[in-house]
Amino acid sequence: GKEFEQPFADELRSGEVLCQLINVVAPGSVKKINQSSFAFKQMENITNFLRAAQAYGVPQSCIFDTADLYNQDNMFGVLQTIQA
């Protein structure tokens, strides 16, 4: 387990934690995890996580949009994807 130092949404926003998570469940799913503060690199991480989650078998109906997490607009959808 990993303890978060910031609020939940802030910890997930860069997509790094999500990519690490999917790589634990399905090793090698995300080949490169960006560790950048640039928005487009963080959104790329989120997108890579979502693609890997779909490939793992998470139904499309349970997949949030990249902006839902990055803008913290739909954290329920984010949780739904993680839980699926």
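**View 1. Order of the elements in the predicted model.** The model is predicted, so local features need pLDDT of at least 70 and side-chain atom pairs count only at pLDDT 80 or more, whereas totals for chains, interfaces and linings use all residues. Residues are numbered from 1 along each chain as its sequence is written, and side-chain values use heavy atoms, with hydrogens and water left out.

**View 2. Overall dimensions of the chain.** The C-alpha atoms fill a box of roughly 30 × 25 × 25 Å along the principal axes. The radius of gyration of the chain is 12 Å, which agrees with the value near 12 Å for a compact globule of 84 residues (taken over C-alpha atoms, the globule rule being 2.2 Å times the number of residues to the power 0.38).

**View 3. Helix 2 and what covers its buried residues.** Within helix 2 (residues 16-25), Glu16, Val17, Leu18, Cys19, Ile22 and Asn23 are buried, that is, under 20% relative accessible area with a 1.4 Å probe, protein chains only. The cover over these buried residues includes helix 1 (8-12), helix 3 (39-56), helix 4 (66-70) and helix 5 (75-83), a contact meaning heavy atoms within 4.5 Å. Across the chain, 40% of the 84 residues count as buried, and, among contacts between residues at least 6 apart in sequence, 40% join residues at least 24 apart.

Technical notes:
Buried means under 20% relative accessible area, exposed over 50%, partly exposed in between (1.4 Å probe, protein chains only). Helices (H or I, at least four residues) and strands (E, at least two) are DSSP runs, numbered from the N terminus.
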